[in-house]
Amino acid sequence: MWFYAARRIVLTIPIALGVTIICFALVYIAPGDPIASLLPPNATASDIALLKHSYGLDRPIPIQYLIWLGHALTGNLGRSIQNSQPVAGEVLRALSNTLLIAILAVLVAFSIALVLGMLAAYRVGSWVDRLATGISVLGISVPSFWLGVVLVILFAVKLHWLPATGMGTSGSESFSLFEWKQAKFAILPVVTMALTPLSIIMRTTRSSLAEVLGQDFVQTLRAKGLGEIAIMRHAIWNAMPQILAMLGLQLGYLLGGSILIETIFTWPGTGYLLNKAILTRDIPLLQGAILILAMAFVAINLVVDLLQTVVDPRIKRA
Amino acid sequence: MTDMTVGSGFDAGPVPERAPEQRVRGYWQTVWQKLRYDYVTLFFMALIALIILSAVFAPLLAPIDPYKSSMVYRLKPIGYKQFILGTDEQGRDMLSRLLYGGRVSLTMGIVPVVLATSIGGLLGVLAGYLGGRPNTIIMRTMDVFFAFPSVLLAVAISGSLGNGIPNQLLTLTVVMIPPLCRVAETATSQIRGMDFVDAARASGASMPSILFRHVLINAISPVLVYASTLVSACILLASGLSFLGLGVPPPTPDWGLMLSTLRQAIYVQPLVCALPGVAILITSVAFNLVSDGLRQAMDVKG
Amino acid sequence: MRKAKSPLQTVPPGHPNDRGGKAQPMLIVEDLRKYFPIHAGPLNRKVAEVKAVDGISFSVVKGETLGVVGESGCGKSTMARLLMHLMPKDTGHLIFDGDAVAEPTGISLRELRRNLQMVFQDSYSSLNPRLPIEESIAYGPCVHGAKRAEAKAIARDLLEKVGLRPELFGARYPHELSGGQKQRVNIARALALNPRMLILDEAVSALDKSVEAQVLQLLGYLKRHFNLTYMFISHDLHVVQYISDRVLVMYLGQIVEIGPVDEIYNSPRHPYTRALLNSRLSMDPDERVETAPLVGDPPNPIDPPSGCRFRTRCPFAEEVCAANAPPLGRSSSPLDHLAACHMAHEGSGHSRANQSPAILRPSIPPVAAPVQRIHA
């Protein structure tokens, strides 16, 4: 198994390098001269050349990439054009806020999906199954940013139960989930975020569980006189590796997908930061945020893969 | 030389096997036979046709000019005077804007998937059929794109390129290529290992001939089914980009952009503000259910 | 109960494409070799090789049926695919009717494939599920430049010859056929290029016994009608005995014994052949096999035993068997009986080398073939 783990980690390296290449390329596909925004409009040609040289922009692109990669590896992702703050620090601060609601959303989605999926798989074709399937179709079809708006209209505008946007008066510095005054700000974003992963995890649970329940060993368990609940316990453990894999993937997707939801709820996470970067065309900030989020996604995938080898004995120890 | 001669009892020559009387049906006919009785899928197919037609004929159907704004009629409720679905924050007719908005939104959902199916499908089929080094190069490149969550990749490319229809089309196509390429590659490499492909090679056929006559017609149904599921995802992604201001520039109507500009008005006209989202939701549900139906009719696992 | 005139009753004389004459073997295989690399470890480096086919030489005589037997995994199917050039070989030469294949002087691969065709095992993947069977058969001729109508006529003619009425079956898809019918189509497809030799890779193994007999029957007729040469690969020893003129026995990628069918079945010289023959089931309850003649699995082909590859499972293994590998030997006539065993070679150093082959005779007499064979 260690062998497999080592191999999986080695395989991740070229992918991570590829990710850095794409992130590096973002600056080049962006229209406009990156230098122009840094100089006053009346700068002379020699000023431009001087600045280009000081940024290393006069060197061949592969060399520029290596320099950039070297800086990125030491945690230097440049400075934001808007407020001249180091990009890495800003993104990491925002990332903790995003992770908070993303993890909560995945946990909520997982617990509901598991129950619904089990009920649906136990009696395929029953009304529970049809209800669950209906929910999952809605869940993957609904635009999350619209759902957020609808929830705000309902619970904030009409019912006044929950706050519409933001993270509370104290901001992210002292945010605590255990104090209702602050935790209530997280409820709507988490619910909005949870619906899509809920649908997808439920689909996975339903289909993989239905497949397991159709296998011969389940018949053997029944023949041995095992109760239905005990059989379900056996079956769910057999389906668990696939469900967990989907869970990890969904957590990763939420890191990227949070941009829309955080924009609606003005939740100060990476998505909100990205939106700000897009609106102000702050390319270094955009690049840094994308790089960190993509690397987080790669890392999550790696961890999920490694966990799977622990959970699923069928994955070869070769 | 010895020769094989056969003893008594077996000298009747090749025995023609009994042929049960039945009508011969091709694959696509079989698919249609299954779809014919799947009323849910048929209903949503009709709904999609209706949505597409209403977008195509928006100029004929729209009661009022979708660009005509009016300070007097700002944010009127549903059913106010001649405005059947109310007005937006600039007093423009919502119904007309929704009809026109379908043009951009549907284009953004369908065109990138068609482009990505051709490009990604071709790359995947080549990778799956050739195997070896070409496969490694193509599929490892795709793996790099898979290392981004799709929304993040779209935001990264679109955010760098800036807004506008061509940029949005390009972004969505790039995002859709890797998954389609992977599906095509999986389907092709499965078919590649089958005996009938070896039999075709053994008959001395050229690679293009084998690809078209034997590989492609078998790989196409999983790829098409998968592409149909992506249309809904692509519509959602496109409207999300528009919502972020990365799609068509205003004042062109687009469902995602309309949602974004109406967001400020949720305290005034919540129902009207939710309308563009309803349009996106109905379209996306319709495409999802149709692709589910197609998956069952074409008997594709997954 | 003779049926109305079957399309196969007439036998045309000779083959129009014959080049080398009667004495030239149809196919000569020399030192054929194929190793599959195994990649492993964190860096996915090549760590070992599976010696699937390891230096095989033999020839196929014109007009004969050469049976190929061996346990699963011994390299039978790999050999067939190498002969068809469906996968690249590592080393080896092929000479088809006197012409070297795919070498500067000789015939092209395309030409070989017109003359040498393969019938695959009946499985869900042997026929293209999206093509009507007529099209599957007509595909080969189309590839070789026949017009559509011509190719279609060939296909319909062949369908009739394999016992399927073209007007009923031609337009059908594979999923509408039974296993036996599909196998008839597979045979028709292989014949569509008018080949001179067929490689039948487990061609009847997946069929019911009654259908198997019908298809074997058909193969016999086709062979006479089209003047074909067969290479018949199977793990079923009864069927091979029934259909073959000569038999080739493979073990771990090598030939261990080759010779005329009756000699192989009546006086096998290699202990592996003997063990294989002993593991057949008998119809006679008094002759039932009490103990398995072969125990254990074949050794790992990645790291085969030194010397004779069978020595780890051979009851007669001695020091000489570990020291050097017994050669199969060469002979003047292809009809010779050869065995790659030290006991079969005088002066090899094995203590039993001088004993008569009778000592290696199987303990059970071979079961009678399902149908009487008459040698011409």
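Start by selecting residues 102–291 of chain B: this stretch is 84% helix and 0% strand, and its end C-alpha atoms are 20 Å apart. Helices here are DSSP runs of H or I with at least four residues, strands are E runs of at least two, and both are numbered from the N terminus. An unreviewed UniProt entry annotates residues 102–291 of chain B as "domain: ABC transmembrane type-1"; such positions are given in the numbering used here, feature names are shortened, and annotations may be inferred rather than shown by experiment.

A word on what is loaded: this is a predicted model, in which local features need pLDDT of at least 70 and side-chain atom pairs count only at pLDDT 80 or more, while totals for chains, interfaces and linings use all residues. Residues are numbered from 1 along each chain as its sequence is written, and chains are lettered from A and ligands numbered from 1 in the order in which they are written.

**Stop 1: chain B by confidence**

The mean for chain B is 83, and 90% of its residues reach 70 or more. Two residues are in contact if their C-beta atoms, placed from the backbone, lie within 7 Å.

**Stop 2: a cis bond in chain B**

Zoom in on Pro250(B) and Pro251(B), which are joined by a cis peptide bond with omega of about 10 degrees. Pro251(B) sits in the loop between α9 (207–243) and α10 (255–262) of chain B.

**Stop 3: where chain B touches chain A**

Show both chains: 36 residues from chain B and 42 residues from chain A take part in the contact. On the chain B side, the elements giving two or more residues are α5 (132–146), α6 (150–161), α9 and α11 (270–298). Select α11(B) next, as this helix gives the most to that side, with 10 residues. Colour the chain B side by class and you will find 23 nonpolar, 10 polar and three charged residues. In this scheme Ala, Val, Leu, Ile, Met, Phe, Trp, Tyr, Cys and Pro count as nonpolar, Asp, Glu, Lys and Arg as charged, and the others, Gly among them, as polar.

**Stop 4: chain C as a whole**

Move to chain C, which has 11 helices and 11 strands. Of its 376 residues, 47% are buried, meaning that 20 or more other C-beta atoms lie within 10 Å of the residue's own; 12 or fewer makes a residue exposed, anything in between partly exposed, and C-beta atoms are placed from the backbone. Among the contacts in chain C with a separation of 6 or more, 66% are between residues 24 or more positions apart.

**Stop 5: the strands of chain C**

Select β1 (residues 27–40) of chain C. Strand β1(C) runs antiparallel to β2 (residues 45–60) of chain C, with 12 bridges joining them; two strands pair if DSSP finds at least two bridges between them. Within this pair, Leu32(C) has Ile56(C) in β2(C) as its bridge partner. β1(C) also pairs with β4(C) in the antiparallel sense, over five bridges, and here Glu30(C) is partnered by His93(C).

Next, highlight the open sheet of seven strands in chain C, with mixed pairing and the order β6-β7-β8-β3-β9-β10-β11. At its edges stand β6 (116–119) and β11 (338–339) of chain C, each with a single partner strand, so one side of each is left without a neighbour in the sheet. Inside the order, β3(C) and β8 (residues 229–233) of chain C pair in the parallel sense over four bridges, with Gly67(C) opposite Phe232(C) in β8(C).

**Stop 6: two residues with positive phi**

Select His85(C), in the loop between α1 (76–83) and β4 (91–96) of chain C. His85(C) is not a glycine, yet has a positive phi of about 60 degrees; the residue is partly exposed, with 18 other C-beta atoms within 10 Å. Then try Ala102(C), whose phi is also positive, at about 55 degrees. Look for Ala102(C) in the loop between β5 (99–100) and α2 (109–115) of chain C.

Note on methods:
pLDDT is the predictor's confidence in each residue, from 0 to 100.
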